[in-house]
Every structure is written in structure tokens, then in C-alpha cells.
Amino acid sequence: MDILHNMALGFSVALQATNLLYCFIGVFIGTLVGVLPGIGPVAAMSLLLPVTFNSSPEAGIIMLAGIYYGSMYGGSTTAILVNIPGEAASVVTTLDGYKMAQQGRAGPALGIAAFGSFIAGTFAVIGLMIVAPALARLAVKFGPAEYFSLMILGLSIVAYLSHGPLLKALTMACVGLVLGLVGLDSINGSARLTFNQLELIDGVGLVPIVMGLFGVAEIFSNLERKLTREIFDTRVRGLLPSKQDWKESGWPIARGSVLGFLLGILPGGGAVISSFISYALEKRISKTPEAFGKGAIAGVAGPESANNAAAGGGFIPLMTLGIPPNVVMALLLGAFIVHGLQPGPLLMVQNPNIFWGIVASMYIGNIMLLILNLPLIGLWVQVLKIPYKILFPMILLFCLIGVYSTSSSIFDLYVMIGFGVLGYLMRKFEYEPAPLVLAFVLGQIMENNLRKALIISNGEFSTFIERPISLVCLILAAAILLSPLLPKMRARRKELAVEEAN
Amino acid sequence: MRAGQAIAAAFWLAFALGTIYAGRNLGLGSLHDPGSGFMIFWVGVAMAVLSLATLIASARQPAGEALGALWTGLRWRVIPYVTVLLVLYALLLPVLGFPLVTVLLMLLLFKTVEQQNLAVAIGGALASAGAAYLVFGRWLGTQLPSGTIWEMFS
């Protein structure tokens, strides 16, 4: 009964005209950035973070969340029609989606991607409703030691799942932690690593770092090689999948939904990895594995469902523990904090309207996306035809002004440009930006919990291993970090990284 | 690529050493009451160990291609060029103001990076500057710089 009551509250918030409008803007922009190669949900969300300053907290977060799961829908369109994934989670969709398009079955491919995404997205929201309250009750028992160890585990998973060598990913996590500690010490108020710059007293801004590493660096990488796109030329017809298509896609959608949701909850897991694992799973259990890579509809349905379910599952650790499991959620954490809200176990008690409003808006957003994706395919195809040479100056300008508008500070523009160049060089030398950004966001929280845990335990490090939850997290983190030493695990990690990089 | 990997690792090692130094200066405190530099110091130590390990690993790699191979066949000159344009934009924005600097930046990006024809470049520059003004200046209410130089004439 509680869930029904809470959902009624959530819908009463989500169905307010302003929130509906923000939800629509979010999913529309999300689909757009998903369609457009060269700008991903992370860059788009940081660009639009200032929009949330003028809105109510729930409206702003509803919009940002919409961008995230909207981009998962949009990414499949480019993957199927152009053979270029609009964002990383749709990489695997190119394998069979584009082949289907070449065989004249672009319509069913787009259709099953949209329906699969809708079903999985809805499943994830239901899962969120059921799991989140239970996890929040457990999280109340977490002390500083547990939080610190959980964050160590999250960073370990992110580093493990990154493309490049583990040593480099861990180095980036350390860089992120140091950057996150710039500014005033939250315990004694002294300035740290500010180099006498007033602008650094409040720390380095999240938006300029993210825009630099993900927005500007992406543009630099695209500019140095000419981006050419061949758009699938025939008209897209027959978006509704046939009975046979449904028969072949039903179980992959179901499995993708469950798998994606579970992987989305894990710190460090997320849409990209779940889509790859779903594809591998479907291929392995298929009676016709040889059809994969040649236009198998299950190869589109499974991964597209998995990445949408993961997008929903990712909200659980953020909203119940206050710990972002990936970079996108780290940005959402930033949005919560901007509005004076602290996501965590008390969010649904202290601000039930916001928690349940966001959850309910995801139902509505999924319906909006289904409506947007099927009839508007023609519009997205037209958007795809805009040449990159027209797009990139506009994206750059919106990055510049977007960053300026968050703080009205020219200094932040230099920070963004600096991180843009750094991000470009990091790509060249195989250093991943994701562990850096996640560690940057966690830096302050981790330090606070570490220091509090030590103060409470009278300086005893054993507190981290005496508390069972903390111990389990640390053992898992150690196992993950040491696993590449085992030849079989090292090969598996390389396999995952190559699949993802391709 | 060995040289490139070694240079990158050496860069992060230097960063780590700087972090350790800064952490020590800030004060480590004690385990009972960790100071402001406690975590910075230990993260710096971890970073130093990791980058040193990367440096050693790169030294054990075969020499491979030269560092320049990373940019072979690519339009690498575009990157410093666009970077300089962006820095100039940040420098001139408070002086010349949003409208003029933005149109100039967009004109240069449209005309010189991908060699559009002049009409497209001018149209694109005006349209994108106008769109940015509408979204950020009007809709979001951002105070876009009007330019200190114009205040001298008013």
C-alpha cells in the first residue's frame, strides 16, 4: 500500500505542467544528443545544468534524468541507420542493427529498439520503486567506514571496467581525488591547493571539468580526423515489428532488462557494459549464434533493453546511498547539491515529493520517448544529415557559454579549455577520463568519511575491517584490483575493453 | 609508443610528487585527528607508486613507433589553432563583450577550420550567436558580459 501511496504522490508531482514540460525537454534533448554523434549525455547534462538553477529541484532533476535515459533511446537510431553509435551504450547495436538496415529491415530494427527500451525502462522504474526503499533502510545503518569502503569499491569497479590499462585508470582516479580536494577543508576551513586563487576557494567546478574532458576533448578528437557519415538512404518503413520479430526478441528483452537493471545498480556498472554483456549472453545462448553480426534482431533487442534498464538502475545507489555509480549520476549528484538536497537514505523521508516525483516522471518519460522515437524517426534522420562542420562550432559555443553561465566566471572557461586539451591528450595516451570525474565528485565525501571514521575509532584503521559491510566492500575491491594478475581474468578484462573500444 | 607512454607516466609522477609535497605542507595530523593534508598526501603516494609502475612497464615495452606516429595522417594543427581561438575568446569576452567576440569566434571557426563559404560562415556565426543569446541571456537570465571597452564610450 505504501508503494501505491508513494506513487500517487509521485504522479501528483510529475504530472504538474512545469514538470511535464521539463520532462519533455529532457527526453527530447536526450534523444537528440543520442542521435548526434560527437556529443554525449554527459556533455549535454553539464551544459544544461545551469537550466536547473532557475527551476524547482524536482523539475531540474527530472529534466537531467530525461536527458540520460533519452540518450539511450536516441543512440540506437544512429547505430542502426548510420553504423555510428550516437553514444557508447549503442556501440553493440551497430553490429546487427546496421546489418538489418542494409537488408531493408531498418524499420523493425528501430521499432524493436524503441519497444525494448520502453519495456526495459519501465521495468527499471518498477525495480527502482521496490529496491530503493529497502536499500535506503539498510543504508541508514551505514557509518563513515562503510561509506568510505563502498566508494573504494565503486572506484575500483570503474577503473577495472575502463578501456586502458588498470594502472592508468587508477592513476586517473587518484588525480580526480586530488582535484576534488581543492578548496576549503570542510572540517577545519583551511584553504587547500588553491595557489592563492580566489576562484579556487570553492574548489574546481564540476561543469568545466566535465565539459572539458567530455565535450571539448571529444570535439578535438573528431576535428583531427574528418568525420564522414553515410546515411542509410532508403525510406524507413514498417516500424512495427512482426509476430516473428517479437517471438525472437521477447526473451532477449526480458533478459536484457533484468541484466541491465542489476548491472546498473552496481557502482561502476552502467549502460555501456550491460549492453555488451547482454549481446554476449544472447549470442551464447542462441540456437543460431552464427546469425549474430549478420542482422539478428535479438542482437538489437537485448542490448538496447539492457542499456535502458541500466540507466534506470543507476539511480538506486545515488538516491539511496548518495553515491553516484557512474559519471552521469555524478552530475545528477551535482544537481541535487546545487539545490541544497543531499541524496541518500533520508531523501525519500525528508523529500518524498522529490524522490517519488522523479521516479514517476521516469514512467512518463518512457512513454514520451516511445511516442517521440517511432513517429519522429524521419526528423532524427534529417538531424543526422547536419554536417559535423556546421555542428562543431555550435557545440563549442554552447560549451563556452554553458560553462560561463554556471558561475559567471571567466576563470572557469580557462579550466574548461585546459581540461579539453588534457582530455584530448589523455585519449591519445590511453588514460580514461571516467575514473577521474567519478573520483573528483567522490573526493570530498571520501575524505570526510575517512577522517570521521578515524576520529570515531581513535585512529584505528582496523575499523574498516571490523565492520562487516566495510570488510566485504574492501575484499571485493581488492579482488577486483588483483584479478588482472590472474592470466584468465586479465584476458577477460582485455576482451571487455576491446569490445567496448570497438 | 614507448617514449609517449614514458612521457605521460613521468608527467603524472611529477604531479604525484607535487601532491605529496603539498599534502605534507598542509599538515598530516595524526591518525586520531587527520589533518588537511592527510588524504592529499596518501593519494599522492598512491599516485606516485602507480605512475612509477606505469613508467617501468613502458620501459619494458618494445620501442615501437615514434611519438609522432600518434598524429601521423591527422589534422593535428587544428587542435592548437582551435585552442588558441578559445583562449582568445576567454581573454576578450569581458573586454569586447559577448555579441562581438562570439560572432568573431564563430566566423573564424566556420570559415577557417572547415573552409565554409563566406555566406554560410556569416549566417552560421550570426545564427549561433543569436541562439546562444536567446537560450542563455534571455531564457536562463545569464548576465553575459557586455564589454568593458564600450563603457568608455558611454
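Visitor: How many of the residues of H14(A) are buried?

Guide: Buried means under 20% relative accessible area, with a 1.4 Å probe and protein chains only. By that cut-off, 10 of the 12 residues of H14(A) are buried, among them A:Val327, A:Leu331 and A:Phe336. This is a predicted model, where local features need pLDDT of at least 70. Residues are numbered from 1 along each chain, and chains are lettered from A.

Visitor: How do H3(A) and H4(A) pack?

Guide: Two packed helices are described by the angle between their axes and the distance between the axes. Here H3(A), residues 41-53, and H4(A), residues 57-82, pack at about 165°, with axes 10 Å apart. That makes the two helices roughly antiparallel (an angle over 145 degrees).

Visitor: Which residues make the contact of H3(A) with H4(A)?

Guide: Contact means heavy atoms within 4.5 Å. The residues include A:Leu48 and A:Leu49 of H3(A), and A:Leu64 and A:Ile67 of H4(A). The contact residues divide into 10 nonpolar, 3 polar and no charged. Ala, Val, Leu, Ile, Met, Phe, Trp, Tyr, Cys and Pro count as nonpolar, Asp, Glu, Lys and Arg as charged, and the others, Gly among them, as polar.

Visitor: How many residues of H18(A) are buried?

Guide: In H18(A), 15 of the 20 residues are buried.

Technical notes
This is a predicted model: local features need pLDDT of at least 70, side-chain atom pairs count only at pLDDT 80 or more; totals for chains, interfaces and linings use all residues. Side-chain values use heavy atoms; hydrogens and water are left out. Buried means under 20% relative accessible area, exposed over 50%, partly exposed in between (1.4 Å probe, protein chains only). Helices (H or I, at least four residues) and strands (E, at least two) are DSSP runs, numbered from the N terminus. Axes are lines fitted to C-alpha atoms, for helices over the stretch in contact, and angles run from 0 to 180 degrees between N-to-C directions. Angles under 35 degrees count as roughly parallel, over 145 as roughly antiparallel, 65 to 115 as roughly perpendicular and the rest as oblique.
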